[in-house]
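Trainee: Can we go through this model together? I'd like to start with the ground rules.

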Amino acid sequence: MKHVLWMAVFASLTAVVFGVVAKGNTRHRLLYGLKVFAEFLLIALVLGWLLYFLPFR
Amino acid sequence: MIAKQLEKTSRPEALRTAWLIGVAAWAVPGAGHLLLKRWPRALLLGFAVWAMFLTGLWLGGHLFMVASMDQGMSALLQLLPMIANVGSGLLYIVCWLTNTGFAENAQGLTYEYGNTFLLVAGLLNYLAMLDAFDIAAGRKE
């Protein structure tokens, strides 16, 4: 569970910076930050499950 | 509009200020936007980079440095991660002066997490630095 926690901390801090330096108004930046955060978590979970089944035995 | 931006950027005093703000943004995460009086951005960027760097150290991460060429050219493998770490500015320099975070604790459970946090803290600060430079140079709102 700690791994997921650190992954979420990493994703949130990175998403904050990406959101702040993005172009557009505040609403666009907020949405972009949230999108980056969600993408980080989703991709990590998908990769985690894929690697769970590899290597095939 | 582009011509106006180029004219604004090419003014020598504006460019000098932009470079100084870029250096300040590199040295202290968040300081560039603070000097530009962009308080919310400064607080968010400063918090994110400082938190990421300190969390990386706390997790037992390791800062990179090209120390010696004892092992031949393989020492250059440290160069790219060192460039990423140096992005944290004075945080890296203070750690270097106090010899903090340069020891390798590869047996630690969160060692790789710490490394990643430290590397990305520097890279994110480069991004914040470029953002501050662009705002100071009039290329961005």
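Mentor: Helices (H or I, at least four residues) and strands (E, at least two) are DSSP runs, numbered from the N terminus. This is a predicted model, where local features need pLDDT of at least 70 and side-chain atom pairs count only at pLDDT 80 or more, while totals for chains, interfaces and linings use all residues. Residues are numbered from 1 along each chain as its sequence is written, and chains are lettered from A and ligands numbered from 1 in the order in which they are written.

Trainee: Where does Asn99(B) lie?

Mentor: In chain B, Asn99(B) sits in the loop between α6 (90-97) and α7 (111-136). Its phi is near 55°, a positive value in a residue other than glycine. Most residues other than glycine have a negative phi.

Trainee: Is Asn99(B) buried or exposed?

Mentor: Exposed, because Asn99(B) has 9 other C-beta atoms within 10 Å. The cut-offs are 20 or more other C-beta atoms within 10 Å for buried, 12 or fewer for exposed, and partly exposed in between, with C-beta atoms placed from the backbone.

Trainee: And what about the phi of Lys37(B)?

Mentor: Lys37(B) is not a glycine either, and has a positive phi of about 60°. Lys37(B) belongs to the loop between α3 (31-35) and α4 (39-58) of chain B. With 8 other C-beta atoms within 10 Å, Lys37(B) is exposed.

Trainee: Switching to helix packing. At what angle do α4(B) and α7(B) pack?

Mentor: About 155°, with their axes 7 Å apart. Axes are lines fitted to C-alpha atoms, for helices over the stretch in contact, and angles run from 0 to 180 degrees between N-to-C directions. The two helices α4(B) and α7(B) are therefore roughly antiparallel, a label for angles over 145 degrees.

Trainee: Which residues meet there, α4(B) against α7(B)?

Mentor: Leu45(B), Met52(B) and Phe53(B) are among those in α4(B), and Phe117(B), Leu118(B) and Leu124(B) are among those in α7(B). Contact requires C-beta atoms, placed from the backbone, within 7 Å. The residues of this contact of α4(B) with α7(B) divide into 12 nonpolar, 4 polar and no charged. Ala, Val, Leu, Ile, Met, Phe, Trp, Tyr, Cys and Pro count as nonpolar, Asp, Glu, Lys and Arg as charged, and the others, Gly among them, as polar.

Trainee: Now chain A. How many helices and strands?

Mentor: Chain A has 2 helices and 0 strands. Buried residues are 18% of its 57 residues.

Trainee: How many residues does the contact take from chain A and from chain B?

Mentor: 9 from chain A and 14 from chain B. On the side of chain A that touches chain B, 8 are nonpolar, 1 is polar and none is charged.

Definitions and conventions: Contact = placed C-beta atoms within 7 Å. Parallel < 35°, antiparallel > 145°, perpendicular 65-115°, else oblique.
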